[in-house]
Amino acid sequence: MNTPAGTPALSTSGLNKRFGSLVVANEIGIALPQGVRYALIGPNGAGKTTLINLMTGMLQPDGGHILLGGEDITALGPEQRVSRGLVRTFQINSLFPHLNPLEAVTLAVCEREKISRVWWRTTAGYRAAVDEAYDILKSLLLAPVCTRETRELAYGQQRLLEIALALATRPKVLLLDEPAAGVPRDESTELFTAINSLSKDITVLFIEHDMELVFRLASRIIVMVSGGILLEGTPDEISADPRVREVYLGGAHG
Amino acid sequence: MLTSLAGVLFDGFAYGMLLFLLSVGLSVTLGMMNFVNLAHCTFAMIGGYVTVTLINQAGWPFLATLPVSFVAAAAISVVFERTMFNRLYRASDLDQCLLTIGLVFVSVAVAALIYSTVQQPVQLPSYLRGSFQVGGVTLGAYRLFLIVFALVVTAALVIALEYTRFGAQVRAAVDNQRMARGLGINVDGAFAITFALGSGLAGLGGSLAIDIVGLDPSFALAFLVYVLIVVSVGGLGSIGGTFAAAVLLGISDMAGKYYFPEIGSFMIYLVMISLLMWRPAGIFGRRV
Amino acid sequence: MSTASASGFAGPQQYLEQQARWRTVEIVFWLCTLLPFVVAPNYLQLASQIAITALFALSLDLILGYAGIVSLGHAAFFGFGAYTAGLLSKHGWGEPLTGLLLSGLAAGLLGYAVSFIIARFRHLALIMITLGFGLLLLELANSASGLTGGADGLQGVKMWPLLGLFKFDLWGVTAYWYSLIALFVLFLVSRRLINSPFGLSLRGIRENAVRMRAIGAESRPHIRTIYTISAAIAGVAGAILTQTTETVSLGVLSFERSADVLVMLILGGAGRLYGGLIGAIIFMIARDWFSGVNPQYWYLPIGVLLIAVVLFLPNGILGGVSQLVNTERGQRWFGWLTLPPAWLPSWRRGA
Amino acid sequence: MQRAMTGLAIATAALLAATSAYAQGTVKIGVIMSYSGQFADPGSQIDNGIKLYMKEHGDTVAGKKIELIRKDNGGVAPDVAKRLAQELIVRDKVDMIAGFDLTPNALAAADVSAQAKKFMVNMNAATSIITTKSPYMVRTSFTVPQVNEALGTWAYKSGARKAYTLVSDFSPGHDGEGAFQRAFKEAGGEIIGSARYPVANQDFTAFLQRAKDLSPDVLYIWVPGGPQPAAIGKAVAERGIDLKKTKVLGQGELTFDEALKGMGDAGLGFITAFHYDHNHQSAKNRKFVADYNAEFKRNPDMFSVGGYDGMHAIYEALKKTNGNTDGDALIAAAKGLKWESPRGPMSLDPETRDVVQTVYIRRVEKVNGQLVNVEFDKLENMKDPFKARMPKQ
């Protein structure tokens, strides 16, 4: 679908979620324009992952709305949101241990193409789907290992596979939950170049603690503190802002 | 009418108590280590044969044999646990099924070798036989004994698990094994003891069951289904749940046979299926 | 498998095709299924019942090995097919092939109905619900003795000759051909199924149901489909048993039958397509042999066999074997078995 | 096509007859029973009966050596029974098949016997119709109607008017129920209630309470051997059913030895109809019981005597044909055989090939400290009434 110009790719309004007395999402309203690279930062427990869970439907909000390309998706289930183009990756690898990357990504493509109910033709018969899967793997430098069982892959490669699976669903908006979590520095740069080279009509929101990476990649940054949005702006504005310094940059994650 | 209802409730409760003794051990060990022990009823059978042997060969009184059958079942079970089962805690549950079923087959054959395939009779002391009237309700003496006995055991069990250090460790291990290990609890040790305890109780159940359902080598298989039903309905690792489930199934089974004999045989399965569809994790189950 | 990339990666297409290609060992296996005609013409009855059980195990493998649905009540569909075939013949329609199709269809419909419940559950609840369902059906069949003949079994099952030519004879020649061909055909179907996008999704569900949702996949429709297919195949197996033995009794619905086939599948190795077949062959031959040696205590050696397999060959016989083959030495000795034979005409390799 | 099929059957049969003729010097008997599983005990008892007979009468008849090939049927599995019968005949070239603890298995094997024209001895399975399935079959056990119609008639004669029936909910139980009710009603009695309990039922109090509430003159119970009889006996006592007001009647299984051991004095006064009990008073039987105990350390029961007399029928038939094992010859020889069995006089009906024998009415009493079935009435030369009613073709 082509959304009217100006309509944000993804936006939330008055999003609330509380576990008992603990407020994990407090009146969150954000709007992500088409194709922008957003970083979502904030100290641990600020509610970053919760926000992603709310937006992708893994959690139901107590109040508020989520709009994807102008359409209200608050009531939809996760898989429906995915098929509409709102896709996420997981902070902790959630993959298919005994499938190899080629199979896994092909699976995702087939599900997207609604051919996953076909049981009378071989997968290999769907040239387009397989090629697309392979191209995605190539773009993420996974081609060489695409026939290894996932559980045998290096950790960094598994993180890349997380993204590959997400890409296979043709996302409009991609939410990356600490894509580099636990990845050694040298591998993580490689990982972020991959993210950076993603097609420009995909809107990306990623959670990341490594400030260097954040400032290099993000065109805009959202700062969360204790379940609420502290502020939102360009990297320069953020780094200039004293409040951020105090609550965050000065804090644990220098 | 009311008296008959009371009678049905009483008998059903007694039957439930039997199911409880047979099942509770499996429920706890399943909840604790996720170990699928289909050989649980083998330990019940061992208990049964111990009792029969002591009574008919050595001429012991019935009651005196109970502790022995408990200890025997517990001891034998822990041998298996240490030598075989503990190698499979991290294996797939399918492998666990296969191993324990294999064990059942072996035990059935061994029982047939030693005791032949004949039904083992057990002659109860006179004070446990017959029945007496209470307000028009006929109460079987043995059933009354069964109920009291089982209630005492349950109470002891609950106290042991709620108020002792060991019990705390077990509960921790059932709730969250990884965290328990993290807290430095010797989960495997605790499990071994729990396992022995559970099997011992099954052994007791086996001894007590003879008078009501008889005993022959096919016992280890015949009762497996009922035990599984109770465990699943009760919810893994929940003693209260197992208790409730056993009572519920015992009574509904009995009531079904009394009030609708034509569907008496379906009752227990219908109850199980509807309960599980209502609460897939069991009545008091934690995890879904 | 890592070996594939090692042995030159020709491209994703080619790789997936190669995965789906016939291995030498498979062809050897199927050729061996013809041996009984030559080397053991007196064992064809047994061979035929092994083939039937293998088919039953295959149907269970489709849901257990590929979609991760453990069922302790699969005999329900086996038995439903068996009784359908029996009743058809009893009421005047003894034609085997159409009877087979109708029975498979009937079991499939039952499976489809049940699948709506099944798809909602997992773990122990799922196992117990399948078990309860199976036992319910058994009790129903027993109490509906007017229809099923109850514990005496269904009387008056008489099959017409196969294709009007081959009578089901005492030696079981027809019986074995019949069961074997049915097994092979349905095996081809299953083999194609697991190499299809659908099969891929099933494995995805088995591996990580949560992740499936995150890539926009709904599991339940898939589960319903495979459960229906599996039920239909089980029904066909049951029907063949009825037709080749011209008897049906409550035994076909019993818990033991459900348990046995599960044991055989695990023994052979679930999720391997050949697991059920190997398991059925080994288990039933062992049982026939042991019980021939000693009709009373054969449970003992069988039990020992199961225990030994678990302790020494994790994930079933095929699981253990494939681990052996994947070692250095294993590759040197058996590697050729796991590669497609060169002499297969290229057009066939696509399969 | 039907004709074509029968033609083929005859051809195969002829061929088989030829092959078996080669087995000179020995007579091979295929024995098919449940040696394992839930029905293992009846199987082993029948087997003991067979063993004892062969021990007493040697293993050669009419100059031929008797060789047994035992196969495990493993419970209710007609498909297996049929396969085993076929394999025994085709592969092991047996001359006849015997055993058969369970009706479905016997019925399945009967087809094979008919098709291959092989002599078949049904040593236990008790449903009436079985013997009609193969013209080469004889039965040496009993039939359910035979025993239970006798009981029904006797019950009315003994003064009972209102009866309640409780039977196991599977075909033999239904047959027993039908037979007893039929005879009892024909005599003039009334059935005031009936229930069928689940086959795998373990606890009977509920059912008995139900029966007790209606206070009938007789409570008829049909229960298969196994754990249930003892359970019922105990439940009767627990429910406080007064045997003076309500007679408890049943087929012999209700008061089997192990059942009596299990229920103890609760069983005192139970009345059962049956064709055999180890307490049957006759010289022949006393010897039989003594030898049996010497051999197997336990009392014989109806299964044992079924196997024992089954072997007798085989031996006698072989003597008459002096070793010819052809199906037609053997069945011809077997028809009308008469002999004195441990159970008393018995014979094989020349028309139906079914067992004709005395049915005893017994009461459980304490004889020097032992609970035993004491015979106090009997109905002689009972044929299977079911077949008597069947239209003769």
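Guide: A definition comes first: two residues are in contact if their C-beta atoms, placed from the backbone, lie within 7 Å. Please note also that this is a predicted model.

Visitor: With that in mind, which residues does C:Arg287 touch?

Guide: Leaving aside residues up to four places away in sequence, C:Arg287 touches C:Trp298 and C:Ile302. C:Arg287 itself is found in helix α15 of chain C, which covers residues 275-293.

Visitor: Is C:Arg287 buried or exposed?

Guide: C:Arg287 is buried, because 20 other C-beta atoms lie within 10 Å and the cut-off for a buried residue is 20 or more.

Visitor: And how far apart are C:Arg287 and C:Ile129 in space?

Guide: Their C-alpha atoms are 29 Å apart, and the two residues are separated by 158 residues in sequence.

Visitor: Turning to helix α14 of chain C, what should its 14 residues span?

Guide: At 1.5 Å a residue, helix α14 (residues 255-268) should span 20 Å, and its end C-alpha atoms are 20 Å apart, which agrees.

Visitor: How many residues of α14(C) are buried?

Guide: Twelve of the 14 are buried, including C:Arg257, C:Asp260 and C:Gly268. Just after α14(C), C:Gly269 takes a positive phi of about 120°.

Visitor: Now chain D. Which strands pair with β1(D)?

Guide: Strand β3 (residues 64-72) runs parallel to β1(D) and is joined to it by eight bridges. Strand β4 (residues 96-99) also pairs with β1(D) in the parallel sense, over four bridges.

Visitor: What stands opposite D:Gly30 in β3(D) and in β4(D)?

Guide: The bridge partner of D:Gly30 in β3(D) is D:Ile69, and in β4(D) D:Gly30 stands opposite D:Ile97.

Notes:
Residues numbered from 1 in each chain as written. Chains lettered and ligands numbered in written order. Predicted model: local features only at pLDDT ≥ 70, side-chain atom pairs only at ≥ 80, totals over all residues. Helix = DSSP H or I, 4+ residues; strand = E, 2+ residues; numbered from the N terminus. Expected span 1.5 Å × (residues − 1). Pairing = 2+ DSSP bridges.
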